[in-house]
Amino acid sequence: VAYVAQHAFHHIENHLEKTPNQYIQWRYEYGDDKEALVKDTMVATDEELKVMKEPFEYRWKSEDGLKEYKEKVVIRSLTGHRRVAKGTKNDYEYEVKFENKPSTFTAWLALDKLEKLGWGKELKKVDEKVASRSAAFQTPLTSSNVEKHLENIGLDREYGTHCRIGQLSGGQKVKVVLAAAMWNHPHIVILDEPTNYLDRESLGALAGAIKTFEGGVVVISHNSEFTSAVCPETWVMTPATDTEPGRLDCKGDAEWMKEAMKEKVEIKQIEEMVDAFGNTVKVEQKKKKALSRADKKKLERKRAAQKRNGEYVPGMNGSDEDDE
């Protein structure tokens, strides 16, 4: 998720002596987004820290599997590793370390278990780091790659690589903020009052970019002209009063989603990548696993239930891939 704050310059106000290129390299130098990790939604409160330090009962078996142990333990930290739980496709487990235990003693705990223990915000940090590592392999953090990225946003290399941020104009600084937010190839972009910090020409360019962006976009704005240009359908909620109930009005093209669903989406697997040292790396192709008879029966029941509930959409949520 990429977020551009209402006061966009707050992202860069402590880095005015850096060039835009240096700022992006600093922000992602360890693979994750330093700006994302210090947001309020990522920092635990005193109350949450207190819950995180409460002991709970943990059971485990010896290496030979013959003995079972149980003990009251306290989680010291997350290791930063995440995996898909056995027997599931989308349920994650996270590796943890315990207080008063050797660093080699780790355990994998389910997401819902850790959330109950108050580690929800730390889980978000791990998720951010995992996503960042994936993006880093897709586009290595090199000066030339950052320079090209800035040029794609509209900031020439003269300003992107050879000029300090403090010397840029307001419009150029905004481009730096947008470029930095988009470096990580986000799935969702959140723009908080973009009309406050973009001129008319830049807003037109942003509206065009939003229309072609294949991810999700959340726009917080009071500018109806801008929102109507980027949102084909608008829901207007009139709040309830003492005498009248609340009312929801739908404006615009209510059929746009059906038309969008008809568009063919082609996904190609990358065969080669170029790492930070300029080496070409072959990407291992994912092999499709043949379904057993039991799995096919289970899939057929799942598809039948989806169709009864009107939830089955060919090509969405892996439907076509599962059918093969």
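A: Let us begin with a term: a crossing of two helices is left-handed if the near helix is turned anticlockwise from the far one by less than a right angle, and right-handed if clockwise. Please also keep in mind that this is a predicted model.

Q: What about α1 and α8, at what angle do they pack?
A: Helix α1, residues 20-27, packs against helix α8, residues 170-182, at an angle of about 30°, with the axes 10 Å apart. Angles under 35 degrees count as roughly parallel, and α1 and α8 are therefore roughly parallel to each other. Their crossing is right-handed.

Q: Which residues of α1 and α8 make that contact?
A: From α1 they are Pro20, Tyr23, Ile24 and Arg27, and from α8 they are Val176, Ala179, Ala180 and Ala181. The contact of α1 with α8 has seven nonpolar residues, no polar ones and one charged.

Q: How do α6 and α8 cross, then?
A: The axes of α6 (residues 143-153) and α8 come within 9 Å and cross at roughly 120°. That value makes α6 oblique to α8. The crossing of α6 and α8 is right-handed. Helix α6 contributes His149, Leu150 and Ile153 to the contact, while α8 contributes Lys175, Ala179 and Met182. Of these contact residues, four are nonpolar, one is polar and one is charged.

Q: Switching to strands: what is the order in the sheet with parallel pairing?
A: That open sheet of three strands has the order β1-β7-β8. The edges are β1 (2-4) and β8 (216-220), each with a single partner strand, so one side of each is left without a neighbour in the sheet. Direction ignored, neighbouring strands here are turned by 10° against each other on average.

Q: How many bridges join β1 to β7?
A: Three bridges join β1 to β7 (residues 188-192), and the two strands run parallel. Valine 4, for instance, has leucine 191 in β7 as its bridge partner. Helix α8 also packs on this sheet, where it touches β1 and β7, and its direction makes about 165° with that of β1.

Q: Which strands make up the open sheet with antiparallel pairing?
A: Its three strands have the order β4-β5-β6. The edge strands β4 (75-84) and β6 (106-110) each pair on one side only. Neighbouring strands of this sheet are turned by 35° against each other on average, direction ignored. Six bridges join β4 to β5, and the bridge partner of arginine 82 in β5 is tyrosine 94.

Q: What do β2 and β3 form?
A: They form a hairpin with six residues between them, and glycine 65 in its turn has a positive phi of about 75°. Strands β2 (residues 56-61) and β3 (residues 68-73) pair in the antiparallel sense over six bridges. Within that pairing, tyrosine 58 stands opposite glutamate 71 in β3.

Q: New topic: where is glycine 118?
A: Glycine 118 is in the loop between α4 (111-116) and α5 (120-138). Its C-alpha atom is separated by 5.1 Å from that of methionine 52, although the two are 66 residues apart along the chain. Leaving aside residues up to four places away in sequence, glycine 118 touches Val51 and Met52.

Q: Last one: which element has the lowest mean pLDDT?
A: Helix α13, residues 319-323, has the lowest mean pLDDT at 47, whereas strand β5, residues 92-98, has the highest at 94. For the protein, the mean pLDDT is 81, and 82% of the residues reach 70 or more. Over residues 317-324 pLDDT stays under 50. Where pLDDT is low, the predicted coordinates should not be read in detail.

Methods:
Residues are numbered from 1 along each chain as its sequence is written. This is a predicted model: local features need pLDDT of at least 70, side-chain atom pairs count only at pLDDT 80 or more; totals for chains, interfaces and linings use all residues. Side-chain values use heavy atoms; hydrogens and water are left out. Axes are lines fitted to C-alpha atoms, for helices over the stretch in contact, and angles run from 0 to 180 degrees between N-to-C directions. Helices (H or I, at least four residues) and strands (E, at least two) are DSSP runs, numbered from the N terminus. Angles under 35 degrees count as roughly parallel, over 145 as roughly antiparallel, 65 to 115 as roughly perpendicular and the rest as oblique. Contact means heavy atoms within 4.5 Å. Ala, Val, Leu, Ile, Met, Phe, Trp, Tyr, Cys and Pro count as nonpolar, Asp, Glu, Lys and Arg as charged, and the others, Gly among them, as polar. Two strands pair if DSSP finds at least two bridges between them. pLDDT is the predictor's confidence in each residue, from 0 to 100.
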